[in-house]
Amino acid sequence: MSESPLIRCIGLTKYFGGVLALNRVSLDLMPGEIVCLVGDNGAGKSTFVKMLSGLHQPDEGEIWIGDEQVSGLTAIHARELGIETVYQHLALCDNLGAAANVLLGQEPIRFGVGPFRWIDRKASLTAARKHIDDVGIVLDDYWTPVRRLSGGQRQAIAIARATVHGHRLIMLDEPTAALGVRQTKATLDLVKRVAASGVSVIVISHNLDDVFTIADRVVALRQGEITLNAAKPATSREEVVACMTGMSFQLPR
């Protein structure tokens, strides 16, 4: 991995009214690295992700994209900078097929008259299949409504959609929460494949089995502060749980 971070967060702080949700959080995100973000509900995980996705503005701190400090980051600007988020609800259009969901709102246009536009279905399918193939999933029909697909296939389509713009950072919120054992393995393999392309990946997860399967680095948050930031080989499940909960932890003798 490159020594230069794709994204650098320095001292990010966020208040909601009088509640301190995030307290001076600093984190570097490296190319091709999978960072698993863990913590109890209310620890600040979602607040941190929403800052990077442009949905929340920090009250204090800095966000650097490469060598540029970014102020007033919005969701549109974040996408333009190559940052995408896959939320737990996926936000797929159930009545549309995989190809349409991957390119939703960005389809190639065959021609237009006034405010009307006709989508080039052939070009759309070609473009969508590239992103779907890149994440390694196989579908029998790219136009079948996604409501008929399995949970794992739907998750893969949401990730494929994120790769359209997410060339710097892709963040996933509990990507395996509603999946079975086989679909979970397929999704974790998919996440590894995305990171292998050089994209930085953040995965929010409460499942420590998943965390210790895919993480390059584990970051624990508690009450809005980072309590652990360690490479996976340098930590353990016991230490992660202790840092999440505030319990004491001692290394075995």
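1. Gly-151, Gly-152, Gln-155, Ala-156, Ile-159 and Thr-163 of helix H5 meet Gln-183, Thr-187, Leu-190 and Val-194 of helix H6, where contact means heavy atoms within 4.5 Å. The residues of this contact comprise four nonpolar, six polar and no charged; Ala, Val, Leu, Ile, Met, Phe, Trp, Tyr, Cys and Pro count as nonpolar, Asp, Glu, Lys and Arg as charged, and the others, Gly among them, as polar.

2. A word on the basis of this note. The model is predicted, with local features needing pLDDT of at least 70 and side-chain atom pairs counting only at pLDDT 80 or more, while totals for chains, interfaces and linings use all residues. Residues are numbered from 1 along each chain as its sequence is written, and side-chain values use heavy atoms, with hydrogens and water left out. Helices (H or I, at least four residues) and strands (E, at least two) are DSSP runs, numbered from the N terminus.

3. As to geometry, the axes of H5 (residues 151-165) and H6 (residues 181-196) come within 9 Å and cross at roughly 15°. Axes are lines fitted to C-alpha atoms, for helices over the stretch in contact, and angles run from 0 to 180 degrees between N-to-C directions. H5 and H6 are therefore roughly parallel to each other; angles under 35 degrees count as roughly parallel, over 145 as roughly antiparallel, 65 to 115 as roughly perpendicular and the rest as oblique.

4. Which elements do the buried residues of H5 pack against? They pack against strand S6 (83-86), helix H3 (98-102), helix H4 (121-134), strand S9 (169-173) and H6. Among the buried residues of H5 are Arg-154, Ile-157 and Arg-161. Buried means under 20% relative accessible area, exposed over 50%, and partly exposed in between (1.4 Å probe, protein chains only).

5. Six strands form an open sheet of mixed pairing, in the order S6-S9-S10-S3-S11-S12. Two strands pair if DSSP finds at least two bridges between them. S6 and strand S12 (225-231) are the edge strands, each pairing on one side only. On average, neighbouring strands of this sheet are turned by 15° against each other, direction ignored.

6. Within the sheet, strand S3 (residues 34-38) and strand S10 (residues 200-204) pair in the parallel sense over four bridges. Val-203 in S10 is the bridge partner of Cys-36. Helix H1 (residues 45-52) packs on the sheet and touches S3, S6, S9, S10 and strand S11 (217-222); the direction of H1 makes about 150° with that of S10. H6 lies across S3, S9 and S10, and runs at about 150° to S10.

7. Two hairpins deserve mention. Strand S7 (residues 109-113) and strand S8 (residues 116-119) run antiparallel, joined by four bridges, and Phe-111 stands opposite Trp-118 in S8. Two residues lie between these strands, and Gly-114 in this hairpin takes a positive phi near 60°. Strand S1 (residues 7-16) and strand S2 (residues 19-29) are also antiparallel, over seven bridges. Their hairpin has two residues between the strands, and Gly-17 in the turn has a positive phi of about 65°.

8. Leaving aside neighbours within four places in sequence, the contacts of Leu-12 include Leu-22, Val-25, Phe-48, Met-51, Pro-58 and Ile-63.
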